[in-house]
Amino acid sequence: MRCDRLWRDARLATMAGNGLGIVEDGVVAASGGRILYAGPAADAPAFDPERAENLDGRWITPGLIDCHTHLIHGGDRAHEFELRLAGASYEEIARAGGGIVSTMRATREADEDRLLHLALPRLDALIAEGATTVEVKSGYGLTVADELKMLRAARRLGEARPVGIRTTLLGAHALPPEYAGDADGYVDLICHEMIPAAARAGLADAVDAFCEGIGFTAAQTERVFDAARAAGLPVKLHAEQLSNLHGAKLAAEAGALSADHLEYLDADGIAAMARAGTVATLLPGAYYFMRETKLPPVDGLRAAGVPIAIATDCNPGTSPLTSLLLTMNMGATLFRLTVDECLAGVTRNAARALGLQAETGTLEPGKSCDLAIWDVERPAELVYRIGFNPLHSRIWKGL
Ligand code: DI6
Ligand code: FE
């Protein structure tokens with residue numbers, strides 16, 4: 001059988017089914033950027049490849065997926081980090097004009113080219129560790145024009161590098177100063193102008209909001225979800241990060257792809273997510289960087305069969321993290337996720353959190369040939385090491 005590329009003498013973690021889907025003597029064949037076959041060499045058809053590589057027993061996993069990032073932003077918050085080290089709290093800094101609003105100012109000042117230029121090194125760091133799909137949110141522009149500018153810069157990341165980019169409109173991230181005291185007025189702008197404009201321009205693949213005391217109420221979140229539905233866009237939610245506003249339940253009942261953070265999630269929220277099949281995206285980088293002590297209810301999520309994804313949440317304020325390998329280590333060390341859960345969290349379940357489960361996230365025939373090839377002896381090494389990158393090579397869409 002003809003194929004474009006063939007990888008042989010490989011060990012596979014296909015991530016198909018529930019576990020790692022391990023194949024000891026495996027072969028992957030690709031044609032037209034799609035996986036033709038991924039499985040035991042013994043069962044493989046006789047392939048006639050244009051190009052074949054012998055991997056000497058290296059491991060192949062699906063290309064990694066970072067399903068929650070704020071990669072596009074102006075400036076940084078290193079100075080606020082120093083203030084926090086000296087004892088200031090995140091809330092105090094925000095009240096003094098820092099926080100999300102300081103990044104908003106820097107993002108408004110930057111033009112689209114500049115935002116792209118600033119984000120590329122962050123994207124390159126993810127790619128260097130085997131990422132083949134990355135979600136990127138807006139949320140630091142907070143005007144129609146600046147949010148669309150962020151989304152255009154995000155889309156251009158996918159033209160500048162061989163990687164799949166999924167964009168999410170997060171207009172409801174923070175209240176911009178010009179709407180102080182009028183959060184509902186800002187939500188009107190999001191619902192009546194921002195979401196329709198992003199949808200019309202094809203710039204958003206999903207809509208997100210920050211449902212939190214320092215963000216938006218459940219009622220405001222619901223309005224954002226209604227506008228997203230009217231525009232034909234799926235939703236996600238930053239929920240239960242700092243308190244429990246029952247956002248995850250709201251998200252699940254709106255058919256959300258994922259609810260993210262979830263440290264303060266309760267049993268009711270877990271049950272709603274399980275019923276809806278909403279992915280729980282845990283963000284151990286933010287938990288670590290904020291020195292949070294309230295753990296997300298991993299046992300409850302597990303027991304209810306809620307699919308768990310993990311992601312960097314790469315953002316300048318609460319998770320300046322551009323490593324999915326370190327994210328996995330934190331998921332295991334801080335949240336007590338198993339190796340299998342960590343790997344599923346950056347592959348199969350991360351794909352699902354983006355609505356891409358038919359397209360990527362496992363090594364299965366018909367899916368995009370997105371591979372990460374590793375110089376390791378066992379998959380656990382990908383989770384266990386800290387600050388070491390064993391990536392051998394990376395394939396996106398068969399190339
Ligand atoms: N939750 C977070 O951790 C980030 N956004 C959000 O909704 C914080 C973003 C920032 O501080 O810049
Ligand atoms: Fe976030």
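Asp9, Glu24, Asp25 and Asp56 together form a negative surface patch. Such a patch is made of residues with over 30% relative accessible area and no salt bridge, with like charges joined within 9 Å. Asp and Glu count as negative here, Lys and Arg as positive, while His and the chain ends are not counted. Each charge is placed at CG of Asp, CD of Glu, NZ of Lys or CZ of Arg.

Before going further, a word on the ground rules: this is a predicted model, in which local features need pLDDT of at least 70 and side-chain atom pairs count only at pLDDT 80 or more, while totals for chains, interfaces and linings use all residues. Residues are numbered from 1 along each chain as its sequence is written, and side-chain values use heavy atoms, leaving out hydrogens and water.

Asp56 counts as exposed, at 58% relative accessibility. For these classes, buried means under 20% relative accessible area, exposed over 50%, and partly exposed in between; the areas come from the Shrake-Rupley method with a 1.4 Å probe, and only the protein chains shown count as cover. The phi of Asp56 is near 50°, a positive value in a residue other than glycine. Most residues other than glycine have a negative phi.

His261 also has a positive phi, about 90°, although it is not a glycine. His261 belongs to strand E11 (residues 258-261) and is buried, with a relative accessible area of 2%.

**Salt bridges**

Side chains of opposite charge can pair when their charged atoms come close. Taking a salt bridge as a side-chain nitrogen of Lys or Arg within 4 Å of a carboxyl oxygen of Asp or Glu, a search of the whole structure finds 27.

| Pair | N to O distance |
|---|---|
| Arg2 and Glu50 | 2.9 Å |
| Asp375 and Arg58 | 2.5 Å |
| Asp113 and Arg156 | 2.9 Å |

Arg2 and Glu50 meet in a salt bridge that links strand E1 (residues 2-13) with strand E4, 48 residues apart. Glu50 counts as exposed, at 59% relative accessibility.

Asp375 forms a salt bridge with Arg58, and this pair links positions 317 residues apart: Asp375 in the loop between strand E14 (371-374) and helix H15 (381-384), Arg58 in the loop between E4 and E5. Asp375 is partly exposed, with a relative accessible area of 43%.

Arg108, Asp146, Lys149 and Glu178 are linked in a network of salt bridges.

**Cysteines**

How many disulfides does the structure hold? With a disulfide taken as a pair of cysteine sulfur atoms within 2.5 Å, there are zero. For Cys67, the nearest cysteine sulfur is that of Cys342, 13 Å away. Cys67 is buried, with a relative accessible area of 0%. Cys211 is in no disulfide either, the nearest cysteine sulfur being that of Cys191, 14 Å away. Cys211 is buried too, with a relative accessible area of 1%.

Technical notes
Chains are lettered from A and ligands numbered from 1 in the order in which they are written. Patches are made of residues with over 30% relative accessible area and no salt bridge: like charges are joined within 9 Å, nonpolar side chains (Val, Leu, Ile, Met, Phe, Trp, Tyr) within 5 Å. Buried means under 20% relative accessible area, exposed over 50%, partly exposed in between (1.4 Å probe, protein chains only). Helices (H or I, at least four residues) and strands (E, at least two) are DSSP runs, numbered from the N terminus.
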